[in-house]
Amino acid sequence: METRHITQFIAHCKYQKGLNNKTIKAYSIDLRQYSTFSNDKIEKEVLINFIEHLHKSYKPKTIKRKIATLKAFANYLYFEEIIEHNPFSKIKTTFKQPLILPKTIPLNDINKILKCVYAQFSHAASKYQRKTTMRDIAILELLFATGARVSEVCSLKAECISINDGYIKIYGKGSRERVIQIENKDVIKALLDYEKAFFNSIASTGYFFINKLNNKISEQSVRFMVKKYAKMANYNKNVTPHMFRHSFATLLLEEDVDIRYIQKLLGHSSITTTQIYTHVSTAKQKEILAAKHPRNKIMIDC
């Protein structure tokens, strides 16, 4: 293995497989790290030592990603006949990950956050503030209405949203396309108001959500925005845009929506990924039974 092979693999992933920039960046970081550790050797013993090193230094989710990167790279080298044997064919890499339940925002707190941003719009002191708050409303409404990832919302192209027809087209992980309908009138109005206010900027950039410099809005800007309105709504927990996605999925499950519909809406390639929300729903059931079960009202005096 040589450094140029990593460069060729990254180019293959980018231009032939069409992987997104986040994945390409992660692959580059992981392979540079392995190259330094292994002195550019891709052999069974070196890989085993590296995996042991990962287990001592990183969390399970990160370890899983780095191993997946190495597997993809080894498969590429084997397919291109750069190596004679795939060393992973004789390496056991499966390990049990701890179950980490997705963090959600209770519906009443989502209500408070949305009310807060609408109130901010009503009391805007300037035309500029009204305009930017209009954009914030549209983004928050869309995050919760669709369960889209923050990266998907920020990368949303103008041509992929049809507000009058009530749908958006999203390109998710692995460039997988999915269409999500928008049926709520308040959400549709928020998007229409935003589109009208930013029409020229949207037309010139091609992206739907625009920042103050007339560029595509960044994920960091959306994270900052979410934290700002959560704080204004006196929701003191650490809030991220991804929590709207988790809340979207969990609340639909609690309304007895079939998990396979939720899988499709979230853009998960495997139902296993979506099933994590059943654990959250079970936790909610436990909370409901502990607080609301009628047996709690029965007192036995002996």
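Is Arg 149 buried or exposed? Select Arg 149 and see: this residue is buried, with a relative accessible area of 10%. Keep in mind that you are viewing a predicted model.

**Stop 1: the pair at Arg 149**

Glu 152 and Arg 149 make a salt bridge, and their closest N and O atoms lie 2.4 Å apart. Glu 152 also counts as buried, at 7% relative accessibility. Buried means under 20%, so Arg 149, at 10%, falls in that class.

**Stop 2: helix 5**

Select residues 107-122 to show helix 5. Pick out Lys 112 and Asp 109. Their side chains meet in a salt bridge, at 3.9 Å from N to O. The two residues are three apart in helix 5, so about one helical turn separates them. Color them by accessibility next. Lys 112 is partly exposed, with a relative accessible area of 43%. Asp 109 counts as buried, at 13%.

**Stop 3: helix 8**

Move on to residues 185-197, which are helix 8. Select Lys 189 and Asp 193. A salt bridge joins Lys 189 to Asp 193, with the closest N and O atoms 2.7 Å apart. These residues are four apart in the helix, so the separation is again about one helical turn. Lys 189 is partly exposed, at 49% relative accessible area. Asp 193 is partly exposed too, at 31%.

**Stop 4: a network**

Select Lys 22, Glu 219 and Arg 223 together. Salt bridges link these three residues in a network. How many salt bridges does a search of the whole structure find? The count is nine.

**Stop 5**

Leave the salt bridges and turn to the strands. Three strands form an open sheet, in the order 1-2-3, with antiparallel pairing. Select 161-162 for strand 1 and 177-181 for strand 3. These are the edge strands, and each pairs on one side only.

Now select residues 167-171, which are strand 2. Five bridges join strand 2 to strand 3, and the two run antiparallel. Follow the partners across. Tyr 167 has Gln 181 in strand 3 as its bridge partner. Ile 170 stands opposite Arg 178, also in strand 3.

**Stop 6: two faces of strand 3**

Which residues of strand 3 are on its covered face, and which on the uncovered one? Arg 178 and Ile 180 make up the covered face. Glu 177, Val 179 and Gln 181 make up the uncovered face.

Technical notes:
Residues numbered from 1 in each chain as written. Predicted model: local features only at pLDDT ≥ 70, side-chain atom pairs only at ≥ 80, totals over all residues. Heavy atoms only, no water. Pairing = 2+ DSSP bridges. Buried < 20%, exposed > 50% of the residue type's maximum accessible area, 1.4 Å probe, protein only. Salt bridge = Lys/Arg side-chain N within 4 Å of Asp/Glu carboxyl O.
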